[in-house]
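Hi,

Here is the model I promised to pass on. Have a look, and my notes follow below.

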Amino acid sequence: MRRALVVGGAAAALVLLPAASAGAHPLGNFTVNHSDAFLFTPDGVHLRAVVDRAEIPTAQEMPDIAPDGDPGPADLARRAAVECPALARDVVLTVDGDPVSWTVGTTALEIVPGTAGLPTLRLTCDLRGDADLSGSSRIAFRDDHELGRIGWREITADGDGVRLLHSPVPVRSPSDELRRYPVELLKSPMDVRTLEVSTEPGQNTGPGAAPARSSGDPFAATLAVFDRRLGDLIGGNGLTPLVGLLALGLAILLGCGHALLPGHGKTVMAAYLAGRRGRPRDAVLVGATVTLTHTVGVLVLGLAISLSSAFAGEQVLRWLGVTSGVLVAVIGGVMLRDVLRDGRRPAPLTPVERSLPVLAGAVAGTPATGARAHVHHDHDHGHAHDHDHDHGHAHDHAHPHDHGDEHTHPHTHGRGGLVGMGIAGGLVPSPSALLVLLASVALGRTVFGVLLVIAYGLGMAATLTAVGLALVRVRDRLDRRLRAGRTSSVLRAVARTAPLITAVLVLVVGLALVARGVVLGV
Amino acid sequence: MTSRRTAVNLMAGGVLLLLLAGVFAGWTTSGRPSVDAAGAAGDAAGPGTADPLTAGIAVAQQRLADVPGDWRTWAELGASYVEQARITGDPSYYAKAQGSLERSLAVRPDDNDLALTGLGALANARHDFAGAQRLATRALALNAYSAAAWGVMDDARTQLGDYRGASDAVRHMLALKPGVASFTRASYDAELHGNWSLATSALEQALAVAGTSAEKAYCATYLGGLAWSRGNLDEAEHRFDDGLAVAPGSPLLVLGQARVAAARGEVVQATRAYDQVVGALPLPEHLVEYGEFLLSIGRADQAREQFAVLGTVRKLFAANGVSDDLGVAQFEADHGDPAAALTAAEAEFARRHNIDAQDALGWALHKAGRDAEALPHAAAATSLGGASARFLYHRGAIEAALGRDDEARATLAEALHRNPYFSPLFASEARRLLTSLGGPP
Amino acid sequence: MSGSASGRSARRRATACIAVGGVCGAYAVIGLVPTLAGASSHREAPLLLNDPAVDNTDVYAFSSPDNPDDVTLIANWFPLEEPNGGPNFYPWADDAEYLINIDNNGDAVADVIYRWRFTTDDRRDNTTFLYNNGPVTSLDDENLLFRQSYTLDESTDGGASYGAPIASGMAAPSYVGPAGMGSAQDYVTNLRDPAITDVADGGRTLVTQTEDPFFLDLRVFDLVYGADLSERGQDTLSGYNVNSIVFQVPKSDLAIDGDAAANPVIGVWSTTTRPTLRNADGTPADGSGYTQVSRLGNPLINEVIVPAGLKDAFNAIPPAADATAAGGKVVDRVLDPEVPRVIQGIYGIKPPAPPRYDLFEVFLTGIASSAKVDVDGDPSTPNPIDVDLNSQALNAGAAKLQPSEMLRLNMSITGPTGLDGKPLKSASRLGVLGGDIQGFPNGRRLADDVVDIELLALEGIYDVSNVPADRQAAFDALKDGDRVPRNDAQFSDTFPYLAAPETDAVNVPDRQHPSGAAAAAAGGGGIGGTWLPAVTGSVAFLLIAAGGISLLRGRSTAAKGTAGAKS
């Protein structure tokens with residue numbers, strides 16, 4: 001087939017043969033390659049379109065750009081100003097079916113030297129279109145520019161304040177915006193010309209997406225880095241047992257780290273331990289409850305989200321936060337009522353407290369704000385003073401072992417409260433754990449994802465239990481010092497009022513959480 | 001204790017629920033997933049809309065990700081990439097083909113006729129016909145029943161000018177695997193030898209068994225080409241239109257339409273079609289053909305533009321270490337420097353003696369004024385029986401230059417009888433020359 | 001003390017509950033795992049030569065369970081048919097010949113050939129590519145736009161000439177979907193059963209689509225690509241369909257001189273031919289006009305015996321050429337196969353020493369005693385499997401046996417039979433190796449686990465109840481075979497014995513992520529059906545936790561030894 005061979009063969013000859021010089025256009029000298037990089041914001045769409053013409057198409061264009069064959073900057077700029085609007089007419093984006101009209105921003109056309117010193121052209125157009133992406137939307141895009149030309153065609157999409165749900169295209173360009181074309185034996189040449197994706201407000205959390213921009217302090221930033229590392233491990237191809245173990249270890253570490261960040265009921269737990277008699281077992285109990293609740297919460301929420309892409313995860317998290325606040329406020333209220341009603345003696349069991357363990361369905365907990373962090377610090381000071389006073393009380397109640405039902409009341413009271421506190425602290429899933437699960441599910445590695453979430457929970461449990469145990473230890477020591485009678489009267493006075501302060505603080509924190517959730521919607 | 005009873009009740013409830021959950025889990029995992037989208041879309045459109053080659057490539061890529069030692073699939077993937085490169089024109093497939101085939105050989109260096117055959121197909125695609133023949137020989141030594149290896153051998157031998165060997169290879173291929181690949185090669189073999197009816201019927205037989213749109217487009221392209229090369233413009237147009245119905249925008253079919261339009265004098269359509277062709281597939285021969293068409297309608301400036309792009313292409317060839325002496329010889333003889341044409345033609349002839357090389361050398365010698373030396377080559381180029389009108393025109397011109405008017409008139413008349421539209425630029429030249437000699441005999 | 005005792009028992013109860021609950025909880029979590037079939041059900045076969053419509057996949061031959069005078073032959077084509085295969089579906093090639101060949105005297109030349117040829121009646125015009133434009137409830141339903149009919153004829157002179165057609169009928173079409181053809185049972189009732197056609201002078205034939213009756217984990221053969229046998233147990237062909245020709249014929253029609261009692265052994269193989277190049281006038285340009293493009297007798301011959309370089313040869317040559325073609329390489333390969341050496345490389349198990357005359361018997365001559373067929377050419381040594389089972393040499397009217405590859409059936413064994421000749425209660429899926437001489441390699445029944453049988457045979461194990469000491473290590477390593485012991489669908493005891501076609505799609509195409517389709521299918525399939533166990537599992541966890549906490553409470557109370565604490 002002479003004709004076929006000549007055609008095919010010459011086509012082949014136009015390709016860089018392996019032994020030829022470096023710097024040749026790797027995809028073949030007659031390709032026209034496209035990159036469409038999207039950034040979706042709540043009020044519009046930014047499109048950075050790059051067109052990379054290889055040597056021959058450039059040679060075919062040159063007469064129009066500069067008839068004398070030597071284009072200067074003015075020629076190129078003029079040409080760019082003509083080509084970008086033409087490109088804008090060829091790319092069609094609709095938001096919920098309504099087409100978006102483009103405004104052409106900056107344009108640039110530059111000459112990049114190619115094979116044999118021949119010029120290639122690189123056109124860059126920044127287009128912007130107005131669109132309302134503040135709610136859930138459906139985006140559809142088609143690139144009809146230069147359809148008849150062979151070449152690499154890629155689309156990438158990211159969001160700033162907009163989250164892409166199950167985006168079929170990556171966030172980062174695989175070719176570094178047409179500068180380096182990867183040669184992969186097991187992938188066909190990139191030819192993506194259309195994009196359809198749903199969006200909703202939020203942070204884009206696709207693989208490779210920028211981490212949440214809100215974290216300021218270095219600790220949270222480090223955790224964000226580890227979050228991404230874990231995400232990469234999940235998504236990587238080589239999931240050998242070693243990598244899996246590494247990922248599990250990383251998940252445990254992340255659980256520890258995230259537990260240290262404000263937001264998992266440590267504050268409230270600490271307050272509660274301070275306001276009641278705390279024992280090592282209680283610390284373990286709270287830690288375990290937080291973890292169990294958190295793990296289950298992540299699994300349930302993660303499943304719900306992966307089932308229905310219309311499931312508004314942000315809304316759920318918000319209401320979880322509110323409910324958590326309510327629970328904390330209730331507990332704080334109960335503590336306050338106890339303190340006020342009975343002076344320094346704990347009240348008999350109330351139905352509310354008895355039923356606290358069964359409040360398993362209650363969801364609670366929010367990520368902390370700066371305000372909470374401040375509260376946390378204040379509590380630390382309060383603890384030292386609370387301990388000696390409460391320890392005395394604890395002794396009063398703990399020692400007489402043979403008081404039947406009466407005894408179970410303080411136990412129940414404490415236990416129920418602790419469990420409730422633990423639930424309150426643990427039931428708003430940490431976004432990073434949620435992300436881990438969703439990413440794993442999306443990649444078909446659900447079991448692995450579940451294991452990671454459990455590992456995450458173990459890490460949290462370890463931290464919270466450790467914190468609780470440390471508090472208990474501190475309090476024991478202080479109590480001993482108090483009983484040894486070496487403390488000042490100021491300290492003793494403060495210790496006496498500590499339960500009241502603690503109860504008030506817990507109540508205030510709970511109310512603040514509720515207010516935050518309702519008013520700010522965060 | 002009430003609380004203990006509560007506790008036990010709670011736990012029992014929990015266990016029951018867990019058992020239920022386990023039942024649900026078992027129930028849902030026992031069935032296969034019933035796919036939503038495909039089912040919801042109804043019975044008709046299934047996942048089978050991708051053509052078998054693309055689907056097969058995707059399957060092979062997945063397979064090799066799972067079992068990287070599968071040298072058989074590496075070789076088949078490489079061969080599929082070569083095929084895909086031919087169909088789409090996307091040259092990035094060639095590097096992938098080379099990598100895949102080399103990987104196959106690395107895993108299994110011995111007894112790997114599949115990889116050798118694939119490399120042979122790749123060599124043919126890159127114009128290394130001697131290399132392709134060597135690879136096909138090695139493959140056939142390992143597996144004499146490989147229809148694909150015989151196909152590679154046929155292509156290589158045809159290009160090298162071993163026409164008898166090529167016919168033999170085609171016969172082996174037909175005996176092993178009758179189908180589109182062997183029927184189309186049989187058609188070309190028949191066409192070269194002037195057996196027009198078999199050439200057409202073989203392509204029609206191929207078209208009848210063609211399964212994919214790429215295969216149908218291929219058959220349509222060359223059925224149209226056959227018709228055009230016999231001067232049957234209507235039938236050619238009909239075939240090209242059929243092909244474009246299944247493969248819209250395919251450059252070779254558009255080229256066919258361009259030729260038909262040029263032959264009919266439909267300048268606007270021809271220009272648009274040629275533009276599309278050189279935009280999608282700016283190969284030297286297309287650029288030259290477009291340029292010659294532009295010259296024929298008096299647009300010399302635009303023709304020069306096309307030839308300038310051709311210059312760019314030549315520079316790229318040089319930079320990439322690819323030689324295209326045949327193309328250079330043909331172009332320079334008609335539009336450039338006859339000395340350069342002769343050098344290139346002699347270089348090509350040193351490599352192979354097929355009819356293209358013979359014709360190029362004869363014509364270059366003619367342009368250099370050495371007609372006596374030119375004639376044997378021109379005669380060789382037209383000796384098989386199915387000579388193209390252009391080659392006949394070349395021979396006629398050389399005969400005329402040598403003063404052999406009777407032979408020249410017969411040859412030129414034959415050329416124009418075969419295809420009066422063989423070139424927008426040179427068909428009229430041939431007509432002029434024939435008239436000046438006294439018209440057809 | 002009573003308090004603590006009761007506390008202990010309560011604790012034990014609770015612990016047990018927690019343990020059970022934990023296990024069930026784990027099960028609930030497992031419910032989150034995507035179903036295995038969905039997780040990797042890509043089309044995993046390597047790229048086949050682009051002619052699947054004529055590609056033989058399997059041949060079965062067995063005495064009809066419902067009629068001891070008949071033998072059933074089944075030949076399948078067109079592998080890996082996706083049930084959701086529109087718009088092209090899986091038509092039979094209407095210019096090809098589909099053939100079942102019988103050699104009853106052992107000379108490796110076909111003595112009886114049955115040929116099915118198809119005609120397509122395509123009533124679709126250019127407005128639709130669909131095979132139906134409405135529900136199809138019968139073979140001649142006007143809504144069925146694409147129909148194929150066939151004629152069956154017979155040749156008794158080795159294919160030189162064929163007699164008048166002995167049957168003609170409609171092929172049950174490809175399953176197009178539930179809207180068009182209802183459920184699988186509807187397909188069987190409305191389309192498949194009516195397509196059963198009687199054959200002149202006794203017998204029946206049926207051309208239909210069916211779920212692929214072959215069951216195996218193809219990954220086992222990745223042995224030769226460097227994988228080990230760690231990944232097994234998944235029926236790679238589960239969920240796919242094939243095109244099938246079922247043919248039931250009196251045994252006397254196939255035996256020498258019509259005497260199936262004296263000549264019980266037949267050799268069976270299936271071939272397909274395609275028309276060669278034709279001249280412009282329609283006459284063949286070369287030869288007879290048809291050329292053989294596919295051939296199959298014993299299953300998996302290409303996977304376990306014939307290496308890649310001989311596969312093309314095997315498809316092109318008739319059995320008579322097996323001993324000589326390609327320099328005799330086919331025979332060489334049988335005598336010294338590659339798979340046992342690969343197994344040795346991975347597991348360190350020494351294979352039986354070549355030349356493997358046992359495999360020679362199994363694949364090339366049929367199992368017979370050395371008195372009938374001396375496979376090693378040495379009269380003083382017995383055959384490796386020295387029993388008379390299924391070689392044509394056992395026939396009274398046998399010709400000189402020409403070793404050739406084909407499936408050999410002893411038609412006189414009509415039910416599961418032990419090595420001692422006595423009937424067995426049930427068939428063994430390991431056929432002869434499992435002590436059931438009705439099974440493979442004596443013919444092939446639908447439920448015979450040929451992968452396991454061949455793997456064991458390759459390692460020289462021919463009786464799993466009596467493994468020689470030197471083969472014990474091999475047996476231990478391979479006795480599970482591919483861990484797919486049965487087909488996913490049930491076979492039937494009555495004609496046509498095959499299961500209905502699969503109706504659910506296997507693959508989800510994902511254009512932009514072709515390699516992610518597996519993940520998508522996995523994720524989608526797994527998650528979509530598991531929210532129920534997940535939710536109930538979660539609630540269960542919480543309840544158990546609450547109960548556990550209460551229990552802890554109770555335990556600490558008991559530990560404090562309260563007199564008033566009651567159980």
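**What I found**

In chain C, 57% of the 567 residues count as buried, meaning under 20% relative accessible area with a 1.4 Å probe, protein chains only. Bear in mind that this is a predicted model, where local features need pLDDT of at least 70, side-chain atom pairs count only at pLDDT 80 or more, and totals for chains, interfaces and linings use all residues. Residues are numbered from 1 along each chain as its sequence is written, chains are lettered from A and ligands numbered from 1 in the order written, and side-chain values use heavy atoms, leaving out hydrogens and water.

One residue I looked at in chain C is D449(C), which sits in the loop between β12 (407-410) and α11 (450-458). D449(C) has 0% relative accessibility, so it counts as buried. Leaving aside residues up to four places away in sequence, D449(C) touches F215(C), R429(C), D482(C), V484(C) and P485(C) (contact means heavy atoms within 4.5 Å). Its C-alpha atom is 14 Å from that of Q490(C), 41 residues apart along the chain.

Over in chain B, helices α10 (residues 180-192) and α11 (residues 196-209) pack at about 165°, with axes 7 Å apart. Axes here are lines fitted to C-alpha atoms over the stretch in contact, and angles run from 0 to 180 degrees between N-to-C directions. α10(B) and α11(B) are therefore roughly antiparallel, the term for angles over 145 degrees. Among the residues meeting there are F183(B) and S187(B) from α10(B), and W196(B) and L203(B) from α11(B).

Cheers

Methods. Helix = DSSP H or I, 4+ residues; strand = E, 2+ residues; numbered from the N terminus. Parallel < 35°, antiparallel > 145°, perpendicular 65-115°, else oblique. Buried < 20%, exposed > 50% of the residue type's maximum accessible area, 1.4 Å probe, protein only.
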